[in-house]
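Colleague: Please take a close look at one spot in the backbone for me. Then set that spot in the context of the whole model.

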Amino acid sequence: MNRFLLPDFVRQTIDRLEAAGHSAYLVGGCVRDSLMGLRPHDFDLCTSATPDQIKAALPGERFLDIGLRHGTVTLLPSDGGPIEITTYRVEGSYSDARHPDGVRFVQDIRFDLSRRDFTVNAMAYSPSRGLVDPFGGRRDLKAKLLRCVGVPAKRFDEDALRILRGLRLAAATGFSVEADTAAAMRHKSHTLSHLSPERVFSELNRLLLARYAGRVLRRFRDVLAIVLPELDPMIGFHQHNYHHLYDVFEHTVRVVEAVPPTPALRWAALFHDAGKPDTFSMDENGVGHFYGHPKASEALAVERLRELSAPSELQRSVAFLVQHHDVPFGEEERQVRRRLSNWGERRCRQLLMLKKGDCIGQGTHPDYLRWYQDTERQMIHILAAQQPLTVRDLCLNGYDLQFLGLSDAEIGRMQRWLLALVLEDPGLNRVDALRDLVIERMEGADA
């Protein structure tokens with residue numbers, strides 16, 4: 001078990017619990033990740049000790065008692081991250097399909113593992129006792145298989161969020177979902193509507209950012225459409241347009257796969273063409289068109305993200321990207337300067353990445369990608385040369401214009417006029433040139 005390289009504060013916690021006469025094991029994701037050769041970020045422990053006994057075995061330590069009702073305390077060691085420590089337990093019924101109505105403490109780790117969601121999460125490890133794996137989790141890890149512990153439908157009845165958690169885990173690992181487990185996910189997918197929007201968003205967001213997100217979107221599109229109903233009209237919707245090789249859904253998945261794994265880009269990719277089914281028309285030549293689809297897609301994205309209680313900044317970023325994903329940057333450097341001036345560097349970089357992903361996802365004209373690469377090179381040159389992009393970059397500031405005789409109301413208008421000229425020709429951004437332009441405009445206004 002040399003794969004389990006434990007931080008000192010974790011090993012010391014286990015040792016102190018066992019020195020007090022209690023058994024203690026690492027459980028959950030940290031065991032799974034260690035067996036996969038990954039470095040765990042969080043460490044959870046299970047122990048035969050009750051919460052009061054845990055505190056007695058670890059005198060002088062600080063604890064959070066947020067999960068005390070279910071036998072969980074969170075240790076806050078001075079030399080490491082928090083550790084959730086939970087008493088071995090079995091759970092009663094789940095009347096709300098999310099939380100157990102009650103728990104009962106037990107003394108055997110195997111009973112505790114039997115209540116967990118997937119076999120790869122139902123393993124425990126102790127430095128002194130080794131691996132406890134009653135449900136074949138290590139075998140499923142080697143087979144890259146995600147399988148429920150026990151009867152899948154029962155696991156999902158207990159907690160509907162396990163469906164999304166399983167899909168998120170499949171997206172992160174690339175594991176296949178075992179047939180009975182996949183069937184139960186589909187059969188119980190309607191229960192996802194009972195979940196809080198915050199928890200749904202958290203799981204969906206992590207799923208979209210994962211390495212194998214596209215694979216899960218394709219294989220479980222019917223399940224995900226329960227919480228993202230905008231996906232359903234996109235599935236199998238043929239575009240009848242020579243720019244697109246794939247239907248709207250497959251194109252969308254390919255764009256998700258093609259953009260970097262950041263929340264704004266992945267969510268924008270998911271929704272950028274969501275409005276196409278509602279805006280479809282076909283001309284007399286049998287060519288499909290989607291006039292106004294960016295605006296329709298933006299409305300769908302904003303509504304869904306708001307209902308999912310997504311962060312406000314993410315909502316704004318996705319709305320901008322979806323709304324502008326079809327807006328051309330322009331082929332000339334002055335046009336790129338204008339975009340940078342209007343939208344800012346971060347938005348422009350994000351939009352270019354979405355446009356490149358959109359081009360890749362079309363599957364028809366890979367040569368178009370060169371346009372966006374040329375635009376990107378122009379943008380990098382403009383930024384590296386520190387060309388003026390805002391009124392703050394002008395060589396004449398507000399005090400200079402006031403000295404020339406302009407009122408406060410006139411200064412703003414003059415700055416915007418000067419910036420428009422400088423965006424066309426950055427060489428004008430000199431004190432003498434701008435002063436001459438201001439004086440000429442003032443004299444012309446007085447004539």
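Modeller: Lys 144 counts as exposed, at 52% relative accessibility. Exposed means over 50% relative accessible area, buried under 20%, and partly exposed in between, with a 1.4 Å probe and protein chains only. The model is predicted, so local features need pLDDT of at least 70 and side-chain atom pairs pLDDT 80 or more, while totals for chains, interfaces and linings use all residues. Residues are numbered from 1 along each chain as its sequence is written, and side-chain values use heavy atoms, leaving out hydrogens and water.

Now the backbone. Lys 144 is not a glycine, yet its phi is positive, about 55 degrees. Lys 144 sits in the loop between α5 (137–143) and β10 (145–146). Helices here are DSSP runs of H or I with at least four residues, strands are runs of E with at least two, and both are numbered from the N terminus.

Ser 309 lies in the loop between α16 (293–307) and α17 (312–324). At 36% relative accessibility, Ser 309 counts as partly exposed.

Step back to the chain. It has 23 helices and 13 strands. Of its 447 residues, 50% are buried. The accessible surface is about 21,500 Å², with 49% belonging to carbon and sulfur atoms. That area comes from the Shrake-Rupley method with a 1.4 Å probe. The C-alpha trace spans about 95 × 65 × 40 Å along its principal axes. The radius of gyration is 29 Å, whereas a compact globule of 447 residues would have one near 22 Å. The radius is taken over C-alpha atoms, and the globule rule is 2.2 Å times the number of residues to the power 0.38.

What about enclosed space? There is one cavity of 30 Å³ or more. A cavity is a set of points on a 1 Å grid over the protein atoms alone where a 1.4 Å probe fits but cannot get out, and lining residues have an atom within 4 Å of a point. The largest cavity holds about 40 Å³, a volume filled by probe spheres set on the points, which are joined across faces, edges and corners. Its lining includes Leu 204, Leu 217 and Trp 267. α9 (197–209) and α14 (263–271) each supply at least two lining residues. α9 gives the most, with three.

How values were computed: 1 Å grid on protein atoms, 1.4 Å probe; cavity = no way out; pocket = protein on both sides within 12 Å on 5 of 7 lines; lining within 4 Å.
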